[in-house]
Amino acid sequence: MATVGSKDEPATTTQGVAGHADSADGRDAAVTLNVAGPGVAASIIRLTNAISMRLEEEVKTSSASGSRAEAAAFKQRYDYLSAQVSRAEGQIHSRMTWLLHFNGLLFVALAFLKSSPAGDGRNVEVMVPWLVHFLLGALPLAGLGITLSGWLGIRGAISQLKYLGRQYAQDVQRFAHENRWPAPFGDSRALWYGTAPVQLLLAALCLLWAWLLAHRIWPDATEAYSTLFLHALSAFPARVFGGA
């Protein structure tokens with residue numbers, strides 16, 4: 001019995017020492033946490049605030065970068081549309097220029113032939129009579145064809161301007177208005193004011209060449225109708241504004 005008791009007693013003593021040591025460690029940890037708790041909480045708060053500020057800065061930076069990228073994309077689209085508008089207007093200008101040059105040369109040639117009849121000796125020295133008669137009919141026909149072809153080309157450039165206007169209104173107009181960027185070609189009225197005189201002039205040229213061609217084919221009927229038209233035109237101001 002003494003032997004058993006002597007074996008159990010050291011075990012009991014050892015367990016008591018271990019439990020006492022654990023209790024001491026727990027009290028020390030509790031004391032440490034109690035002492036360091038406010039400092040750790042403050043550190044955690046500062047760390048949380050720093051992370052929040054950093055995230056906000058990153059969000060702002062990302063937003064600013066996105067805004068700059070968006071503005072750059074709109075600016076690129078605006079520049080591209082402006083260049084295309086300038087190209088279409090340049091096409092109208094160049095086509096109108098060479099069209100007027102051709103018409104001027106044809107009118108000069110026709111006036112030269114009409115001022116020197118086919119049987120005139122001065123004209124015979126330059127060309128034979130049949131060629132004069134041919135050119136008197138061919139020049140109005142050539143003038144009408146050249147004017148119509150040039151008019152179609154100008155109409156194509158005007159259609160391109162209208163298409164670019166729709167693209168501008170769809171893609172860039174709102175952003176350009178907010179940033180006060182000027183419209184590349186103005187509004188619809190500016191487009192009409194810029195293209196209507198060109199088309200009216202081309203229509204007048206086509207009518208003139210058609211009249212000259214009809215005068216060559218049906219001279220008597222054309223002169224009769226032309227005389228009536230001129231008399232009516234001359235009488236129109238008198239009827240409107242009064243007078244004899």
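These legends go with close-up views of the predicted model shown above. Local features are reported where pLDDT is at least 70 and side-chain atom pairs where it is 80 or more, while totals for chains, interfaces and linings use all residues. Residues are numbered from 1 along each chain as its sequence is written, and side-chain values use heavy atoms, without hydrogens or water.

**View 1**
Start here to get your bearings: the protein chain has six helices and zero strands. Helices (H or I, at least four residues) and strands (E, at least two) are DSSP runs, numbered from the N terminus. Of the 244 residues, 22% count as buried, meaning under 20% relative accessible area with a 1.4 Å probe and protein chains only.

**View 2. V128, W130 and F134 make a nonpolar surface patch of about 360 Å².**
Look for V128 in the loop between α2 (121-124) and α3 (129-171). V128 is partly exposed because its relative accessible area is 38%, which falls between the buried limit and the exposed one of over 50%. Nonpolar side chains (Val, Leu, Ile, Met, Phe, Trp, Tyr) are joined within 5 Å, and like charges within 9 Å. Areas come from the Shrake-Rupley method with a 1.4 Å probe.

**View 3. The largest pocket holds about 270 Å³ of space.**
Its lining has 18 residues, with K162, F185, D187, S188 and L191 nearest the centre. Two elements, α3 and α5 (188-217), each give two or more residues to this lining, and α3 provides the largest share, eight residues. By class, the lining has eight nonpolar, six polar and four charged residues. Here Ala, Val, Leu, Ile, Met, Phe, Trp, Tyr, Cys and Pro count as nonpolar, Asp, Glu, Lys and Arg as charged, and the others, Gly among them, as polar. A pocket is an open set of points on a 1 Å grid where a 1.4 Å probe fits, with protein on both sides within 12 Å along at least five of seven lines; lining residues have an atom within 4 Å of a point.

**View 4. The second largest pocket holds about 160 Å³ of space.**
Around this pocket you will find L110, K114, L136, P140, W211, L212, H215, R216 and P219. Helices α1 (2-115), α3 and α5 each give two or more residues to the lining, and the largest share, four residues, comes from α5. The lining divides into six nonpolar, one polar and two charged residues.

Notes
Patch = residues over 30% accessible without salt bridge, like charges linked within 9 Å, V, L, I, M, F, W, Y side chains within 5 Å. Salt bridge = Lys/Arg side-chain N within 4 Å of Asp/Glu carboxyl O. Points joined across faces, edges and corners; volume = space filled by probe spheres on them.
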